Amino acid sequence: SFEIFFDKFKEQINLIKEANNILQFRENYSTDELIVIPKLYAISSDILIMDYLPSYKLSEVNISDYKKTKLLSSLFLFMRNNLLLNFNHGDLHKGNWGINDNKIIIYDFGICWKHSRQKYKFQLDMIELFDTDYSKDELLFEKFSTIILKLMDYTFDRDDFLKYAKISTEKYDLDKLNVKSIYNIVIRYFIEKDKFIDYTIFLGIINILQVNKMLSDYDVIN
């Protein structure tokens, strides 16, 4: 039937996209000594053949906290560098990366994205904002929400969000804002207000929160 054919066609398109994503990441990190991207050998209509690269989770390796800190810093820089290169891995949970020989192996390239040239500029504005001592910036949410407004093609209700952010910081007594508290306010806003959030912004926030949690667990942030 047409539905079966269409589903099969979508699977093939997704495999082609994943193969192209792998090739792009291998090119981006071809000279990197700490980040390993599996090699793609072949692709058919329903399968990808890649390097078999075993690895271990951070909790499973018997290494010093110092080495764990270095590895997590490399993971953070991987995520950060992807933003700068405008080609992002969209699913950096613990199951999609591992450690072997003091290197980080990245898996699963099915969800990746890049922004248009204009939105890429706004993404850089976001990076620059969080490179400052933002926790003491009284205009943080104004600047932050303005960038989200542009990233969402001006469909974001900035004024309503600013009211919500002010109430939230008072409600949860957030004297010192950090990445986790800021993005949690964003997520709660969209859920409680039943509003649409841009897919790539949502993926970016989830990635940041996942990596941020790992950094916090090992006290890398501090």
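Axes are lines fitted to C-alpha atoms, for helices over the stretch in contact, and angles run from 0 to 180 degrees between N-to-C directions. The model is predicted, so that local features need pLDDT of at least 70 and side-chain atom pairs count only at pLDDT 80 or more, while totals for chains, interfaces and linings use all residues. Residues are numbered from 1 along each chain as its sequence is written, and side-chain values use heavy atoms, with hydrogens and water left out.

Helix 3 (residues 117–131) packs with helix 4 (residues 140–151) at an angle of about 160 degrees, the axes lying 9 Å apart; helices (H or I, at least four residues) and strands (E, at least two) are DSSP runs numbered from the N terminus. Helix 3 is therefore roughly antiparallel to helix 4, a term applied to angles over 145 degrees. To the contact (heavy atoms within 4.5 Å), helix 3 contributes Lys119, Phe122, Gln123, Asp125, Met126, Leu129 and Phe130, and helix 4 contributes Leu140, Lys143, Phe144, Ile147, Ile148, Lys150 and Leu151.

Three strands form an open sheet in the order 1-6-5, with mixed pairing, where two strands pair if DSSP finds at least two bridges between them. Strand 1 (35–36) and strand 5 (97–100) are the edge strands, each of which pairs on one side only. The pairing of strand 1 with strand 6 (residues 103–106) is parallel and extends over two bridges, and Val36 has Ile105 of strand 6 as its bridge partner. Helix 2 (residues 65–85) lies across strand 1, strand 5 and strand 6, and runs at about 45 degrees to strand 6.

Methods:
Angles under 35 degrees count as roughly parallel, over 145 as roughly antiparallel, 65 to 115 as roughly perpendicular and the rest as oblique.
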